[in-house]
Amino acid sequence: MAESPTILVIGPRWVGDMVMAQCLFSALKQLHPNAAIDVLAPAWAAPLVKRMPEIRQQIDFPLKPGALEFTHRRRFGRLLRGRYDMAYILPGSWKSALIPFFARIPRRVGHLREMRYGLLTDIVPLPDAVKRRTAQAYFSLARGGSFRAPHLSVDAGNQAALLDRFGLARQKFAALMPGAEFGPAKRWPSESYAGLAREFMDKGLKVALFGSKNDRDVTAEIAALAPGVVDLAGQTRLEDAIDLIAAARLAVSNDSGLMHVAAGVGTPIVAVYGSTSPENTPPLAERRELVWLHLSCSPCHQKLCPLGHLNCLKTLEVGQVLAAAERLLEVPAAA
C-alpha cells in the first residue's frame with residue numbers, strides 16, 4: 001500500500017449517516033495520515049463534508065436515490081479509473097459497489113450485505129449486534145485506529161452574521177429540531193414541542209426551530225401554538241444550520257440528521273426516541289440526555305406506527321423532556 005494512498009468513500013444518503021461516517025474518516029486518517037480521501041455523495045452533502053477536515057473533496061453522485069442505472073454507474077466508474085488505490089462502500093446495497101468495481105479500484109472494502117461477492121475485494125464481518133449501530137458499523141470498515149466521535153468545524157464569521165440576521169444571541173437560545181425525514185414514527189408531536197418551547201421562553205430562553213423546507217408544516221404548527229419562537233425551517237442552508245446550532249445553549253431533537261449535527265458541533269442535546277432506539281444511533285456527544293419510553297412495541301423501526309397509536313411518542317410528556325433539558329442547563333453556559 002502506498003504511503004499516501006488515494007481513497008474513495010461511497011457515502012450514505014442521509015444527513016445523520018454522513019455525520020456518523022466521520023468516525024470512519026477519522027480512523028482512516030489515523031491509519032494513513034497522508035491519505036487523500038474523497039467522498040462520492042449527493043450534492044446536498046457538500047456543505048457537510050466541507051466541515052470534515054479529513055476529506056479532500058466531495059464528488060457529486062450523479063444518480064437518483066434508489067435507481068439502479070447500471071449503464072450510468074459503469075460509465076461513471078470508468079471515468080474514475082486510475083485515480084484511487086482503495087474504496088470504502090458504506091451503503092449496504094449491491095448497486096452501491098458498482099462504481100468502485102467499474103473504476104477498477106484495487107481494494108474495495110465493505111460489509112457483505114446484499115451478497116456482494118466479486119464486487120468487494122475485502123469483506124469485513126458485520127456482527128448482528130452492530131448492524132443497526134451505524135457509527136460503529138462504519139468504523140469497523142477501517143479495521144484499526146481508535147473510535148472518535150464526529151467533530152464538525154464551525155464558520156465563526158457565518159455564525160455571527162446569521163445570529164445578527166435572525167435576532168439570536170450565542171448561548172441564549174434553544175434549538176428545536178422537530179422534523180424527521182424518515183417518517184412520522186420518529187416525530188414527537190407538534191403540540192409537545194410547542195409546550196416545551198413555551199416552557200423555555202418562560203425561563204427567558206429564546207427558541208429557534210430548525211428543519212428543511214419539508215418540515216415547514218410541522219414548524220408552522222409549533223409556531224402557531226408557541227408565539228415568539230423563531231421559525232427557521234427552510235430558511236437556512238445546511239451549513240447555516242450547522243453554524244447556528246453550534247451557537248445554541250442546547251438542542252432538542254427527534255432521532256434525525258440534525259440531532260447528529262448538534263452532537264458533531266458539541267451542543268448539549270436532548271434526543272427524543274420513538275420508533276428507533278438510542279442504543280443503536282445515539283448522538284455521539286459528551287453532554288446528552290436520551291429520552292425513550294421503552295415500550296414493549298418499541299423499537300419497531302417503521303416509518304408509520306404499525307399499531308396505529310404512536311404511543312411511544314404521544315405518551316411522552318413535556319415534563320419528561322423538560323427535566324432532561326434542565327439537567328443540561330444546570331451546567332453554566334460556555335463563554
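**Close-up 1. An open sheet of 6 strands with parallel pairing, in the order β3-β2-β1-β4-β5-β6**. The model is predicted: local features require pLDDT of at least 70 and side-chain atom pairs pLDDT 80 or more, whereas totals for chains, interfaces and linings use all residues. Residues are numbered from 1 along each chain as its sequence is written, and side-chain values use heavy atoms, without hydrogens and water. β3 (55-60) and β6 (122-123) stand at the edges; each has a single partner strand, so one side of each lacks a neighbour in the sheet. Strands (E, at least two residues) and helices (H or I, at least four) are DSSP runs numbered from the N terminus, and two strands pair if DSSP finds at least two bridges between them.

**Close-up 2. Strands β1 and β2 with helix α1**. Strand β1 (residues 6-10) runs parallel to strand β2 (residues 36-41), and 5 bridges join them. Leucine 8 has aspartate 38 in β2 as its bridge partner. Helix α1 (residues 15-31) packs on the sheet and touches β1, β2, β3 and β4 (86-89), a contact being heavy atoms within 4.5 Å. The direction of α1 makes about 160° with that of β2; axes are lines fitted to C-alpha atoms, for helices over the stretch in contact, and angles between N-to-C directions run from 0 to 180 degrees.

**Close-up 3. Strand β11 and its parallel partners β10 and β12**. Strand β10 (residues 250-254) pairs with β11 over 4 bridges, and serine 253 has alanine 271 in β11 as its bridge partner. Another 4 bridges join β11 to strand β12 (residues 288-291), where isoleucine 269 stands opposite arginine 288. From β11 (residues 269-272), Ile269 and Ala271 point one way and Val270 and Val272 the other way, and all are buried, meaning under 20% relative accessible area with a 1.4 Å probe and protein chains only (exposed is over 50%, partly exposed in between).

**Close-up 4. Aromatic pairs, of which the structure holds 4**. Rings of Phe, Tyr and Trp (its six-membered ring) pair if their centres lie within 6.5 Å; planes under 30 degrees apart are stacked, over 60 edge-to-face, and the rest tilted. The ring centres of phenylalanine 70 and phenylalanine 102 are 5.4 Å apart with planes at 90°, so this pair is edge-to-face. Phenylalanine 70 lies in helix α3 (residues 70-79) and phenylalanine 102 in helix α4 (residues 98-102), 32 residues apart. Phenylalanine 70 is partly exposed at 32% relative accessibility, whereas phenylalanine 102 is buried at 10%. Ring pairs link Phe70, Phe101 and Phe102 into a cluster.
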